[in-house]
Amino acid sequence: MINVRVTTDDFDVGDETRALSGRGIGAVASFVGRVRGDDQLVSLTLEHYPAMTEQSLQNLAERAVARWLLGAVTIVHRVGTLVPGDQIVFAGTSSKHRADAIEAMSFLIDCLKTQAPFWKREVFADGRTVWLEGRATDAAATSRWD
Amino acid sequence: MTTIKYFSWVRDLVGTGDEFHVVPDTVTDVRGLCQFLAAQSEGHARAFANLDRIRCAVDLNIVDLGAPIAGAGEIAFFPPVTGG
């Protein structure tokens, strides 16, 4: 079962985790990304490519299901303007056994950082606005799943 | 007529998120389209000044700069993605 959402709304980690559970599920793994708030960050705006975003997340979830033995996969990614401490992304998996759940969850979060069409613009207390650049370490984290 | 979309700082430099162009038949791949678009204005030229920083999706699939564009309905240009 694959559940992918792109939304301006916040999500509840407990609700998302419970939805991954069920009979035959022995392991649930999840990751939550949050706005860090370094260096006088006031807000972070996530822009995306609406026609493409859900499909790219769906493709990632399908690749995970094809590669690991999974009961369910959930990806929730927020868009719009967020502030330090806000939740940005939830990636969760469930499986009979922990190794599949944990590896698939790591795959999802590594790959969505470099393959899903989101961009972050930071606004700082002094009025500066900066588009974040993709990092080489993110590309390296993705390539380990090739 | 081909829809061209821009995101993030590429859109900021170009000055708009959506354009419609009749692309000449001589422009056959993404790299050629970047050169065609760069000639449209000073902002376009700045956006496409360094193609190492540009990514492209043709009809919602991310492709490399050598990909063909024949028959494409929507082509998007943007920087490397930063989700998660």
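Partly exposed residues fall between two cut-offs: buried means under 20% relative accessible area, exposed over 50%. At 22% relative accessibility, B:Arg11 therefore counts as partly exposed. The model is predicted.

**The A–B contact**

Chain B gives 19 residues to the contact and chain A gives 22 residues. Together the two chains bury about 1,800 Å², with 58% of it on carbon and sulfur atoms. On the chain B side, B:Val81, B:Thr82 and B:Gly84 lose the most area, together 38% of what that side buries.

Between chain B and chain A there are 12 residue pairs in polar contact. Two elements of chain B each give two or more residues to the side that touches chain A: helix H1 (8–14) and strand S5 (74–78). H1(B) supplies the largest share, four residues. That side divides into 10 nonpolar, four polar and five charged residues.

**Salt bridges**

The count over all chains is 10 salt bridges. Two salt bridges run between chain B and chain A.

| Pair | N to O distance |
|---|---|
| A:Glu47 – B:Arg11 | 2.7 Å |
| A:Asp15 – A:Arg18 | 2.9 Å |
| B:Lys5 – B:Asp18 | 2.6 Å |

A:Asp15 and A:Arg18 both lie in helix H1 (residues 13–20) of chain A, three residues apart. A:Asp15 is partly exposed at 45%; A:Arg18 is exposed at 57%. A:Glu47 lies in strand S3 of chain A and B:Arg11 in helix H1 of chain B, so this pair joins two chains. A:Glu47 is buried, at 14%. A salt-bridge network links A:Glu47, B:Arg11 and B:Asp12.

Terms used: Residues numbered from 1 in each chain as written. Chains lettered and ligands numbered in written order. Predicted model: local features only at pLDDT ≥ 70, side-chain atom pairs only at ≥ 80, totals over all residues. Heavy atoms only, no water. Contact = heavy atoms within 4.5 Å. Buried area = accessible area lost by both parts, 1.4 Å probe. Salt bridge = Lys/Arg side-chain N within 4 Å of Asp/Glu carboxyl O. Polar contact = N/O pair within 3.5 Å; in protein donor to acceptor, adjacent residues only side chain to side chain. Nonpolar A, V, L, I, M, F, W, Y, C, P; charged D, E, K, R; others polar. Buried < 20%, exposed > 50% of the residue type's maximum accessible area, 1.4 Å probe, protein only.
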